Amino acid sequence: MTNKDIKTTIDISHLSIDQLYILNQFVCERIDELQKQQDEAAIAILRPGMKVQFTHDGTTVTGTLLKKNRKTVLIANDNAKTHHKVPAGIVRHISAAPLDLNQTVVKNGLK
């Protein structure tokens, strides 16, 4: 969703500090809930051995998914020298290549 999609404006100038803290708590809880849903949906799709991508500091990182946890996934870069533990919700799969146990990435991935 972009700012162009949001057409509703809410005037909060009349709220007290206590009311703003309560509103902030509700907003944070809703964001956490949506992120959890996004992570759960991604975890259901991802499988070890898949080629995946995610963006980190404006750079697209491509690698092989080594392991999936409850909330995060472990990804080995294509160079097999760097690992990234990232939230599952930011990962998108490129291809569901079959797992090849002779790949250096998979063999050396969990050192």
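Me: Which residues does Val 73 touch, not counting residues up to four places away in sequence?

Reply: Contact means heavy atoms within 4.5 Å. On that basis Val 73 touches Ile 43, Leu 46, Leu 65, Lys 67, Lys 68, His 84, Lys 85, Val 86, Ala 88 and Val 91. This is a predicted model, in which local features need pLDDT of at least 70 and side-chain atom pairs pLDDT 80 or more, while totals for chains, interfaces and linings use all residues. Residues are numbered from 1 along each chain as its sequence is written, and side-chain values use heavy atoms, leaving out hydrogens and water.

Me: Which members of the largest nonpolar core touch the most other members?

Reply: In soluble globular proteins, nonpolar side chains tend to be buried together. A nonpolar core is a set of buried Ala, Val, Leu, Ile, Met, Phe, Trp, Tyr and Cys residues joined through side-chain atoms within 4.5 Å; buried means under 20% relative accessible area, exposed over 50%, and partly exposed in between (1.4 Å probe, protein chains only). Here the core has 13 residues, and Leu 46, Val 52, Phe 54, Val 73, Ile 75, Val 86 and Val 91 touch the most other members. At least two core residues come from each of α1 (17–45), β1 (51–56), β2 (59–68) and β3 (72–77). Helices (H or I, at least four residues) and strands (E, at least two) are DSSP runs, numbered from the N terminus.

Me: Is Leu 74 buried or exposed?

Reply: Leu 74, in strand β3, is buried because its relative accessible area is 18%.

Me: And is Ile 10 buried or exposed?

Reply: Ile 10 lies in the segment before α1 and counts as exposed because its relative accessibility is 70%.
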